[in-house]
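The entry is shown first, and the notes follow by topic.

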Amino acid sequence: TAGNRTFHFGPCRVSISMTEIRSGFTAIKANIQARDPIRTLSILSYPHSLHKGKSLDRCCITHHLFNFYVDKVFKHCKTEDHYINRKISSIANSFLSTKKSLQQCHEQNRCLCGQESTEKYNQILANYEGLDVTSAAMKSLGELDILLDWLE
Amino acid sequence: EDALLPVPQNISILSTNMKHFLTWSPVIVQGETVRYSVEFQGEYERDYANESWIPICECSLITVTVCNITEDISATVAYNLRVRTELGARRSEWGTLKASLTPPLMKVTADGYHLLVELEDMGPAVQFCVVYWKKGQESWMQQKVVKDVSSVVHLDSMEAGADYCVKAQTYVEAINRSSSFSQTQCVRVQGDMSMWMVTALISS
Amino acid sequence: SGQLYCSLPNPRNVHFESINMKNVLHWSAPESTGEGVLYKVKYSVYGVGKWIRKPECGNINRTWCDLSNETSDYEEQYYASVKAFLNGMCSEWVETTRFNPLTDTRIDPPIVSVSSTEKSISIILTAPEKWKRSPEEESVSLCQVYPGLQYNVSVLNKQTKKRWWFSISNNTLVVPRLEPGTVYCVSAQIHVTTPLLLSGFSKEHCIATLKDK
């Protein structure tokens with residue numbers, strides 16, 4: 001359906017409203033990225049780009065990342081700008097919808113986690129915890145397109 | 001003076017022209033201009049952000065009884081919406097609503113052998129599931145998902161002299177709900193002589 | 001002393017202009033500085049510490065610099081920066097916003113070729129290629145870069161002035177059951193749903209279906 005893309009991670013099929021998420025992010029990208037002055041660090045791409053991982057663990061890495069954004073990132077991204085906050089809400093709710101689908105796959109053993117995804121996620125958490133929570137959350141939100149590009 | 005203002009009633013969602021609008025009945029206070037404010041809460045806010053509500057600034061302290069919520073209820077989760085009355089420092093309690101959907105307006109035409117459909121523009125978050133079949137062959141229904149309704153949509157090529165029927169329903173991912181189907185519309189394809197040929201002969 | 005004094009006004013509107021991932025940095029001259037201003041350019045990969053100078057764009061007087069080669073990996077994101085010099089004075093470095101080649105490029109319209117029979121027309125569409133370093137380098141079609149790439153095709157019956165729209169994922173379309181001896185005009189655009197990218201429409205290609213035998 002329009003905007004929705006179905007992703008096949010092995011036996012796990014998940015529909016993600018990529019168009020809604022992308023348009024929401026495009027609307028806030030310049031504002032959010034401008035709040036992140038640190039060019040030399042990336043939460044998702046440091047030290048290795050998401051793209052460099054093997055595809056076996058794609059489902060588990062995706063599951064980890066959607067949990068990461070819903071549980072840790074969005075709640076620390078409140079701004080003084082109502083419009084930005086509404087867009088973040090739209091993205092957060094779209095992420096929540098996908099997180100629930102991935103959770104189902106995981107519970108039904110259709111989204112198994114290997115060593116690579118665990119290591120990758122631990123690196124992302126280490127990058128995140130290397131900054132104060134608001135800077136880390138804003139940087140992570142500003143890197144949403146890195147996740148979306150990798151997903152697609 | 002400090003009596004609570006009435007809560008807005010008949011709160012509902014109207015989907016038209018590719019947009020979603022929250023509407024409610026006006027609250028009358030003699031000799032006064034009543035204003036309204038609208039907020040929304042997605043499942044994320046309910047479950048992860050302390051049940052917070054987000055104001056829609058375009059619909060804060062407005063005097064009209066309609067608010068465009070299209071962009072705010074775009075995700076495939078449940079949403080709550082609420083509106084209250086405001087008059088000076090006085091406020092009403094919130095009137096709250098969960099989101100729902102109406103079937104699309106539709107126009108079916110036959111252009112020569114081609115079955116075409118035009119659908120009402122109901123907002124960027126709205127898609128359409130169009131079902132069509134040859135009359136008498138209800139078991140052979142075809143389905144097409146239509147995302148972009150800004151123009152005439154080509155459904156299929158038809159056999160001469162047959163009747164074809166079409167119905168459609170809306171689906172909004174934001175609230176993960178479908179409407180009921182619209183009324184069925186049927187059209188007949190001209191016999192062997194194509195429509196244009198007929199038109200050409202008449203107009204020449 | 002030789003120390004450069006950085007009070008020159010800054011270059012303005014420093015930004016990437018990208019078409020089919022040919023990524024060119026553009027800027028405007030600093031305000032009220034007249035002739036003779038020279039520029040230096042550097043770029044960096046987001047998340048990596050180093051700024052890297054672009055030698056071919058060192059001490060240039062033009063206001064653009066082709067960074068396609070340096071930004072060709074579209075799995076990375078980039079910043080670029082420009083500094084102006086004049087009469088021993090210089091400006092500060094002025095940076096772009098974060099540039100994502102995948103989402104921040106524009107796409108050219110597809111190439112359209114049309115043939116006809118008595119009662120149908122066949123349309124073949126070709127998406128543009130991604131920028132490449134040299135003609136010898138292997139071509140990469142934008143279809144490969146954007147798996148969700150689709151074509152919006154418009155077919156206009158010149159006689160009745162009726163226009164139909166088709167949205168197709170593969171690059172061929174046959175429109176059957178048309179009128180013999182009638183002129184149809186075809187135009188197409190590329191539509192990537194996510195990330196949302198929309199090309200302009202191609203030039204209209206008109207062709208007549210063959211006359212009834």
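Predicted model: local features only at pLDDT ≥ 70, side-chain atom pairs only at ≥ 80, totals over all residues.

A salt bridge is counted here when a side-chain nitrogen of Lys or Arg lies within 4 Å of a carboxyl oxygen of Asp or Glu. By that rule C:Lys162 forms a salt bridge with B:Asp111, with the closest N and O atoms 3.5 Å apart.

**Chain C and chain B**

- The contact between these two chains involves 11 residues of chain C and 12 residues of chain B, and the area buried between them is about 1200 Å², of which carbon and sulfur atoms give 59%.
- On the side of chain C, the residues that lose the most area to chain B are C:Trp164, C:Arg177 and C:Glu179, which together account for 52% of what that side buries.
- The count of salt bridges between chain C and chain B is one, while three residue pairs are found in polar contact across this interface, both residues of each pair being at pLDDT 80 or more.
- Strand 12 of chain C, residues 162–168, gives the most to the side that touches chain B, contributing four residues; by class, that side has six nonpolar, two polar and three charged residues.

**Chain B and chain A**

- Here 24 residues of chain B are in contact with 23 residues of chain A, and the two chains bury about 2000 Å² between them, with 51% of it on carbon and sulfur atoms.
- Four salt bridges are found across this interface, including one between B:Glu71 and A:Lys87, whose closest N and O atoms are 2.5 Å apart.
- Nine residue pairs are in polar contact between chain B and chain A, both residues of each pair being at pLDDT 80 or more.
- On the side of chain B, the elements that give two or more residues are strand 3 (35–42), helix 1 (43–48) and strand 4 (54–55); helix 1 of chain B gives the most, with four residues.
- By class, the side of chain B that touches chain A has 13 nonpolar, four polar and seven charged residues.

**A sheet in chain C**

- Three strands of chain C form an open sheet in the order 1-2-5, with antiparallel pairing.
- Strand 1 (12–19) and strand 5 (64–66) of chain C stand at the edges with a single partner strand each, so one side of each is left without a neighbour in the sheet.
- Neighbouring strands of this sheet are turned by 20° against each other on average, direction ignored.
- Strand 2 of chain C, residues 22–28, is joined to strand 5 of chain C by three bridges, the two running antiparallel, and C:Val24 stands opposite C:Asp66 in strand 5 of chain C.

Technical notes: Residues numbered from 1 in each chain as written. Chains lettered and ligands numbered in written order. Heavy atoms only, no water. Contact = heavy atoms within 4.5 Å. Buried area = accessible area lost by both parts, 1.4 Å probe. Polar contact = N/O pair within 3.5 Å; in protein donor to acceptor, adjacent residues only side chain to side chain. Nonpolar A, V, L, I, M, F, W, Y, C, P; charged D, E, K, R; others polar. Pairing = 2+ DSSP bridges. Axes fitted to C-alpha atoms, helices over the stretch in contact; angles between N-to-C directions.
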